Amino acid sequence: MKRLRLPLAHPLAEVFFAAIQSVTTSMSDSSKGRYRTTAEYFLRYLADHHPGARTVDELRRDPHILGWLTWLSSQHPPLVKSTRSLHVISLRRLIEELAWLHERPALVRLFHPDDVPQPPARLPRPLTPEQDRLIQQELLRRNDVASNALLLIRHTGIRIGECVDLSFDCLRLFAPGQWALHVPLGKLNTERVVPIDDSVCQLVHRLRFFRFLSPVPPDGLLLARRRNRSTLLRDLRTELIQLRTALGIARPIVPHMFRHTFATEMLRSGVSFPALMNLLGHSTPKMTLLYAEFTQTDLQREFRAARSQPRHLVPPPRAATSTIGLKPDLTSTLQALQVAQHVMEMFRRTLSNTSGGASQVLDRLANRLTKIAAELRKLAPK
């Protein structure tokens, strides 16, 4: 969709601009631009299709809001669902702000929860092992600023925006040989410290070396910005596109896929789910589930590892599984029954699925031993 200039001649332009100013006071420039663009689309739609709507009191769900939602869905080329969702959410927030600023509570009912298009189910997008190997090899071979920055993203799971905002002194030493990377305020307005190994420390040291060689004056950041932050982000993405093309990888690859690959790698290496949430800087488990891919192979490996030390239905006896040294008393008799139950359960687990009859006989015997043990315990002195 072609970007439109705000139709300042529209009677509602001033009140919408005031609402934008109020909503986006502490937001980034990109968020402010998104709200302004949404207001442009809505006011241009009103001017073209409902010129009679000139005040906030005249706005109605039908036809103004419903018509605009239909207009958004009919654009050519079509807007992707996530973009439409952002526009709907932005306009709904502006309408809510207008309701508060002009004391018109009825305005909040112009939107319904179902108006926001639901995005399709997102799946983890990690690189395949072969793609990951080829890309890392080529990045190591190139060994320039962009390559080392992309490797840093790959081996720490940080976002590309967090990478370009890293400070020159981002390394933290917690104990001898235990380093961490201080990640500044990012997407969720949170900062965190990510543990790293010696290889990642070397990446940071190489980036520091390149920073010293850069003609850009020192500004406290690890990566030099020739023009601005957006230019640096574009350079990193362009580097990855060129690398993918040189390697003959047909699949589109973006830096954020390194984050998915890191998350999957950590989970398969045994990192717990809560620890992975902290590593990625997520605030909810649902966010982390969108990053880590778990395949049938992973399920089989986890299942085999769990079954290598099974938790038996019958707990193992506290004494040795032998009757040698047992005394002819009630305590030893109960211990012997427990041993018998344990051995029978172990034998039953070794039977194949086709040995259903033998398994049933062992189950009945185990139940009888359980009842006998219960009766014997009644004889114990109280």
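Does T264 count as buried or exposed? In this predicted model, select T264, which lies in helix α10. T264 counts as buried because its relative accessibility is 3%, and buried means under 20%. If you then display its surroundings, leaving aside residues up to four places away in sequence, you will find that T264 touches P126, Y291, A292 and E293.

Next, show the whole of helix α10, residues 256-268, together with helix α6, residues 145-156. The axes of these two helices come within 7 Å and cross at roughly 35 degrees. To see where they meet, select L150, I153, R154, H155 and T156 on α6, and then F258, T261, F262 and E265 on α10.

Select V200, C201, L203, V204, L207, R208 and R211, which are the buried residues of α8. Turn the view until you look down the axis of α8: its buried residues fall within an arc of 155 degrees, so they line one face of the helix. An α-helix has 3.6 residues a turn, so residues three or four places apart point the same way.

What do the buried residues of α8 pack against? They pack against α6, which you have already selected, and against the strands β1 (171-175), β2 (178-183) and β3 (192-196). Finally, on the face of α8 turned away from its buried side, select the exposed residues D198, F212 and L213.

Notes
Residues are numbered from 1 along each chain as its sequence is written. This is a predicted model: local features need pLDDT of at least 70, side-chain atom pairs count only at pLDDT 80 or more; totals for chains, interfaces and linings use all residues. Side-chain values use heavy atoms; hydrogens and water are left out. Axes are lines fitted to C-alpha atoms, for helices over the stretch in contact, and angles run from 0 to 180 degrees between N-to-C directions. Helices (H or I, at least four residues) and strands (E, at least two) are DSSP runs, numbered from the N terminus. Contact means heavy atoms within 4.5 Å. Buried means under 20% relative accessible area, exposed over 50%, partly exposed in between (1.4 Å probe, protein chains only). The arc is that of the directions from the helix axis to the C-beta atoms.
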